[in-house]
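Let's take a friendly walk through a protein model, from the whole chain down to a single residue. Keep the picture open beside you as you read.

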Amino acid sequence: MRSFGFGLFALLALALGLVSCKQEAPSSTAPVAVSPAPTDQPIQLPGIPAPPLDSDDWTSQAYHSQVLTPVDNSAGTKADLTIAWTPAALLLRIHTDDATPMETAPDPWNNDSIEIFMASSIGSDDQVQFICTPGRTPDHPNPAWHINDKRTAAPPVMAPEMHAEKNDKGYTMTILIPWANLKHIPLPGSVIGLQVYANDAQPDGQVSQRIWFPERGASEYPELMQRVQLAGRADAPAHAAAWLQAKGLDETVHVSALADDVGKKIEVWSSDKQVASSQLKAGGTDGSSAEIPLSSEWAKQKDAPLIVTVDGNPLPGVLKIPDLAKRQIDLIKKLPLVANPSIFDGAAFPKIEFLDKEILEAAIGSYSLHIRFFDANWNEVSTPKEPGRYGALVEFKSESGLTFTHDLTLFKTPKPYLPMKDPYDVTVKFPAAFGLPADAMAKEQWNISNWAGRTFQDMAHNNPGWAVLVAGLHDLAADPTRWHGFTAWTIDDIWWNELHKRLGENQDYPHLTQLPDGYDKDQKPWPLIIFLHGSGERGTDLSLLKTRGPLGYINTGHPLPFIVVEPQCPLEEGWNPSRLVRLIDQIASSYRVDPKRIYVTGLSMGGYGSFDLAASYPDKIAAIAPLSGGADPDVAARLKKMPTWIFHGDTDATVPPRYSVDAYNAMQKVGAPVKLTIYPGVGHGGWQTTYSDPALYTWFLQQHLK
């Protein structure tokens with residue numbers, strides 16, 4: 001087993017007094033007076049000499065978080081965390097009470113595993129994620145690691161060192177991650193970003209989880225990491241964890257602590273004001289717990305940072321209440337807006353309303369809905385005349401001024417069908433695991449058809465997607481040449497995009513545009529590259545895109561003979577093919593774009609988006625290069641003539657490479673001009689390698705629409 005030595009880095013640390021070569025007791029855990037109010041300070045991690053991984057001696061000097069935050073259904077799993085740093089690496093030990101070994105899922109985070117997110121600073125794109133499994137099953141007897149690599153222009157990956165101790169009650173993993181995995185190696189005294197998840201896979205396929213920070217999401221939002229400082233000694237141990245839980249617009253602070261903490265006072269602070277207080281009571285997975293409802297005054301604060309103390313000692317991290325307007329919008333999105341029914345047969349449009357109107361009014365107050373109806377040809381109408389697709393454009397407005405628009409698809413049947421009287425002739429093939437013999441099921445057709453009829457009727461009343469499916473099938477039957485290979489949802493998306501375009505509504509993606517050198521010297525058309533980023537770059541900060549994809553390559557001094565456009569997708573959304581085509585049309589009307597040389601490439605979520613865009617508009621795109629993505633093999637027929645170069649890392653734990661392989665095989669079967677590059681030893685990454693390779697751009701220029 002290799003240990004990292006001190007070297008010059010250690011001498012610097014010793015000179016600064018940040019590393020001690022002798023053991024020192026951690027600072028006192030006695031309560032301290034809260035005056036002024038506690039502030040959010042980085043957690044102090046101690047510097048120590050590099051120990052053998054199977055040694056316990058270092059833990060007495062380390063920082064301890066004895067309770068991690070439970071997430072969702074993780075109440076039954078205990079976990080604790082011990083952290084220190086050496087001159088060459090970050091050192092962690094995680095113990096979890098996980099009595100049932102589970103390491104069979106293809107994705108490591110769906111197994112018993114430890115996820116570690118590390119960044120050179122909070123919010124930095126210089127970040128790396130390691131997923132480590134303990135090796136407790138016959139098929140996986142040894143610890144293993146995977147990497148989700150989001151670094152740009154980063155050094156080669158240095159494997160973590162791991163040691164696992166296993167018993168019938170759980171396991172303990174000690175993990176040493178070299179600092180050299182970061183582009184900017186932190187110096188003593190630096191404040192870095194760190195987050196740790198302990199995943200406990202259940203036999204039913206669910207995953208219990210404990211996390212170190214009150215919120216998940218570090219893989220997409222690196223600001224959701226703990227701020228930790230590479231110091232000389234450790235902060236006092238954390239005996240408790242706190243988190244916010246929302247129900248509607250109500251917020252409750254939850255605290256889980258050790259049994260020894262029963263009776264201790266819990267206080268919730270915002271700035272210099274005490275918001276609420278309570279006491280820890282016996283109970284809960286960790287030994288004691290408390291639930292503290294916030295008053296409506298504080299629950300409505302905009303991004304109000306809250307700090308929780310136990311007997312005056314602040315817990316790590318801050319709790320942030322989301323902006324009220326955002327929470328109201330989120331609530332509106334979660335409450336189903338339905339037409340009753342969405343598939344109708346009358347001479348008037350159905351009534352449209354929220355299913356949970358009372359909940360919405362209690363949270364937001366009174367509101368109004370202004371509804372405009374459109375027929376299949378995008379004409380605004382007041383009554384439905386012909387059978388087929390219709391659209392309802394719903395504008396929500398609250399008395400407080402909150403506005404929100406929603407698209408709702410409707411379908412009018414040629415004949416009345418409600419209430420359902422005729423039995424439905426439906427054949428259902430049940431999964432073999434149900435143990436239902438096919439011959440016996442054939443004799444029970446009446447039961448199956450009765451169930452199907454009732455289900456269809458319920459869906460027509462309560463499920464907006466039911467009308468989307470039927471309208472899409474109607475369009476496919478009416479024009480199979482145009483729509484074959486499209487899903488009903490893609491057809492619906494194209495229809496709505498056309499309506500918004502005709503109404504003059506701006507739904508374009510914000511974007512960055514880079515013109516090639518020499519663009520202004522003549523009037524020739526130029527090839528266009530559209531780059532689609534991954535989920536981590538969604539939002540409103542366009543600067544995140546400057547180091548990504550082809551634009552990142554250009555910005556490192558490598559000009560390309562393309563117009564390069566990099567759009568940004570809003571938070572909590574995926575790439576929309578129709579909106580992307582509108583962007584392409586906008587760029588083509590503003591710049592001299594060669595319509596026969598429009599190329600699309602993207603990574604992760606953008607890899608999926610590249611496939612979707614090409615399958616939706618194959619006559620618009622000359623070639624695609626998806627990275628670390630995937631596609632439904634059923635769309636291969638629409639990509640039969642699409643030049644495609646697929647890239648994926650063979651150890652990708654975020655989007656397994658089989659998704660790219662399946663797409664490649666499906667395209668090969670239909671004779672598509674497709675090729676596949678698998679990067680050995682690369683996880684969810686390889687992006688820098690791909691976009692800095694001139695071969696990709698040479699290949700693009702060789703592809704033209706016929």
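## The whole chain

The protein chain contains 15 helices and 36 strands. Please keep in mind that this is a predicted model.

How much of the chain is buried? Of its 706 residues, 51% count as buried. Contacts can also be sorted by how far apart the partners sit in the sequence. Among contacts in the protein chain with a separation of 6 or more, 68% are between residues 24 or more positions apart.

Now let's look at how some helices meet. Two packed helices are described by the angle between their axes and the distance between the axes.

Start with helix H7, residues 464–478, and helix H9, residues 488–502. Their axes come within 8 Å and cross at roughly 90 degrees. Angles of 65 to 115 degrees count as roughly perpendicular, and H7 and H9 are therefore roughly perpendicular to each other.

Which residues make this contact? From H7 come Gly465, Val468, Leu469, Gly472, Asp475 and Leu476, and they meet Ala488, Trp489, Ile491 and Asp492 in H9. Sorted by class, the residues of this contact are six nonpolar, two polar and two charged.

## Helix H11 and its two partners

Helix H9 also meets H11. The axes of H9 and H11 come within 8 Å and cross at roughly 45 degrees, which makes H9 oblique to H11. On the H9 side you will find Asp493, Ile494, Asn497, His500 and Lys501, which meet Pro577, Ser578, Arg579, Arg582 and Asp585 in H11. The contact of H9 with H11 divides into two nonpolar, three polar and five charged residues.

Helix H11, residues 577–590, has its axis come within 9 Å of that of helix H12, residues 605–616, and the two cross at roughly 75 degrees. That angle makes H11 roughly perpendicular to H12. Here Pro577, Leu580, Val581 and Ile584 in H11 meet Asp612, Leu613 and Ser616 in H12. By class, the contact of H11 with H12 has five nonpolar residues, one polar and one charged. Notice that Pro577 is named in the contact of H11 with H9 and in the contact of H11 with H12.

## Empty spaces inside

Next, consider the gaps between the atoms. Rolling a probe the size of a water molecule over the atoms shows where empty space is left. How many cavities of 30 Å³ or more does the structure hold? There are four.

The largest cavity has a volume of about 120 Å³. It is lined by 16 residues, and the closest to its centre are Ala240, Ala241, Ala242, Leu315 and Pro316. Strand S14, residues 240–247, supplies the largest share of the lining, with three residues. By class, the lining has twelve nonpolar and four polar residues, with no charged ones.

Let's finish with one residue. Met118 lies in strand S6, which covers residues 113–119. Is Met118 buried or exposed? Its relative accessibility is 1%, and buried means under 20%, so Met118 counts as buried.

What is Met118 in contact with, leaving aside its neighbours within four places in sequence? Its partners are Leu90, Asp126, Gln127, Val128, Ile177, Pro178, Trp179, Leu182, Gly193, Leu194 and Met225. Asn181 is 63 residues from Met118 along the chain, and the C-alpha atoms of these two residues are separated by 9.3 Å.

Conventions:
Residues are numbered from 1 along each chain as its sequence is written. This is a predicted model: local features need pLDDT of at least 70, side-chain atom pairs count only at pLDDT 80 or more; totals for chains, interfaces and linings use all residues. Side-chain values use heavy atoms; hydrogens and water are left out. Axes are lines fitted to C-alpha atoms, for helices over the stretch in contact, and angles run from 0 to 180 degrees between N-to-C directions. Helices (H or I, at least four residues) and strands (E, at least two) are DSSP runs, numbered from the N terminus. Angles under 35 degrees count as roughly parallel, over 145 as roughly antiparallel, 65 to 115 as roughly perpendicular and the rest as oblique. Contact means heavy atoms within 4.5 Å. Ala, Val, Leu, Ile, Met, Phe, Trp, Tyr, Cys and Pro count as nonpolar, Asp, Glu, Lys and Arg as charged, and the others, Gly among them, as polar. On a 1 Å grid over the protein atoms alone, a cavity is a set of points where a 1.4 Å probe fits but cannot get out, and a pocket is an open set with protein on both sides within 12 Å along at least five of seven lines; lining residues have an atom within 4 Å of a point. Grid points are joined across faces, edges and corners, and a volume is the space filled by probe spheres set on the points. Buried means under 20% relative accessible area, exposed over 50%, partly exposed in between (1.4 Å probe, protein chains only).
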